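Here are some friendly notes to read beside the model.

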Amino acid sequence: MDKHLLIETRHFVPQPVRLLEGLKGNGNIFVEGILATVEVKNGNGRYYKRELWEREIDNFQQKINEKTTETCGELDHPDSQVINLKNASHAIRKVWWDGDEIWGTVEIFSDPGPKGTVSGRIAGALVNNGLTIGISSRGMGSLKQMGEVMEVQDDFELLTWDLVSNPSNPDSWMRNGQLNESRTTYLDSYARTNSIITEILCAKGTCPIF
């Protein structure tokens, strides 16, 4: 079967959480919440077996332990399986299970100094202004029709989680510190246009519109 880019979004309601050991002292925002819920039909009509997520979370935890850039995510989903580091807005610092829910701690690169990024400061501003955004998993895998759902197959590979305008996993919205998820949607044309304009204006390291 052909592998496709699979995007599952949740509403994320961020709230401040305790800083992780070894990461204290910078000006970045830390939030936590639900990253995914297993073995439920999501808003995209897709179904993920628990075994797939258990394997992929173990793999992702290894990336966290090794502090690789593969733990970074972007502000808005790219149409690619490659993590575009110039658009990095955050990193997943911790993941854990709570029943059928996968929880995570997210560090948003919102610091106004050298520990922040352009996209991270934008994401941090949205969070600090009380706006609800989504958190969305990005992965590669093939699908098989099983009754009323499209079942994700064993070749599924989790890439990362991105921050987006509209989520798709049940109960994943972000406010000042916690995650939830809802129906799956893709970014509208206005969000994509805004992203392109921002990238052009901020290309030289300064953002005249912020």
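1. Which residue of β5 is the bridge partner of E74? The bridge partner of E74 in β5 is A88. Strand β4 (72–74) and strand β5 (residues 88–98) pair in the antiparallel sense over three bridges. Helices here are DSSP runs of H or I with at least four residues, strands are runs of E with at least two, and both are numbered from the N terminus. Two strands count as paired if DSSP finds at least two bridges between them.

2. A word on what you are looking at. This is a predicted model, in which local features need pLDDT of at least 70, side-chain atom pairs count only at pLDDT 80 or more, and totals for chains, interfaces and linings use all residues. Residues are numbered from 1 along each chain as its sequence is written, and side-chain values use heavy atoms, with hydrogens and water left out.

3. Now confidence, where pLDDT is the predictor's confidence in each residue, from 0 to 100. The chain averages 77, and 71% of the residues score at least 70. Please take care with residues 167–201, where pLDDT stays under 50 although the model has 163 contacts there beyond four places in sequence. Residues 205–210 are also below 50, with nine contacts beyond near neighbours in sequence. Contact means heavy atoms within 4.5 Å. Where pLDDT is low, the predicted coordinates should not be read in detail.

4. For the overall picture, the chain has three helices and twelve strands. Of its 210 residues, 50% count as buried, meaning under 20% relative accessible area, with exposed being over 50% and partly exposed in between (1.4 Å probe, protein chains only). Among contacts between residues at least 6 apart in sequence, 69% join residues at least 24 apart.

5. Back to the sheet that holds β4. Four strands form an open sheet in the order β2-β6-β5-β4, with antiparallel pairing. β2 (29–37) and β4 stand at the edges with a single partner strand each, so one side of each is left without a neighbour in the sheet. On average, neighbouring strands of this sheet are turned by 40° against each other, direction ignored.

6. Two helices lie across this sheet. Helix α1 (residues 50–66) lies across β2, β5 and β6 (101–108), and runs at about 125° to β5. Helix α2 (residues 118–128) lies across β2, β5 and β6 as well, but runs at about 60° to β5. The axes are lines fitted to C-alpha atoms, for helices over the stretch in contact, and angles run from 0 to 180 degrees between N-to-C directions. The buried residues of α2 include S119, I122, A123 and V127. After α2 comes G130, with a positive phi near 75°.

7. There is also an open sheet of three strands, in the order β3-β9-β8 with mixed pairing. β3 and β8 stand at its edges, each with a single partner strand, so one side of each lacks a neighbour in the sheet. Strands β3 (residues 46–47) and β9 (residues 149–152) run parallel and are joined by two bridges; R46 stands opposite M150, and Y47 stands opposite E151. Strand β8 (residues 143–146) pairs with β9 in the antiparallel sense over four bridges, and Q145 has M150 as its bridge partner. β8 and β9 form a hairpin with two residues between them, and G147 in the turn has a positive phi of about 65°.

8. Strand β10 (residues 157–164) deserves a look, starting with T160, which lies in this strand. T160 counts as buried because its relative accessibility is 0%. A polar atom of the T160 side chain lies 2.7 Å from the backbone oxygen of C72. Not counting residues up to four places away in sequence, T160 touches several residues, among them F60, E70, I83 and S136.

9. D162 also lies in β10, and it counts as buried because its relative accessibility is 0%. What does the side chain of D162 reach at 2.8 Å? That side chain reaches the backbone nitrogen of E74. A polar contact of 2.8 Å also joins the side chains of D162 and R138. Such a contact is a pair of N or O atoms within 3.5 Å; within protein, one must be able to donate a hydrogen and the other to accept it, and residues adjacent in sequence count only if both atoms are side-chain atoms. Leaving aside neighbours within four places in sequence, D162 is in contact with residues including H77, P78, H90 and G134.
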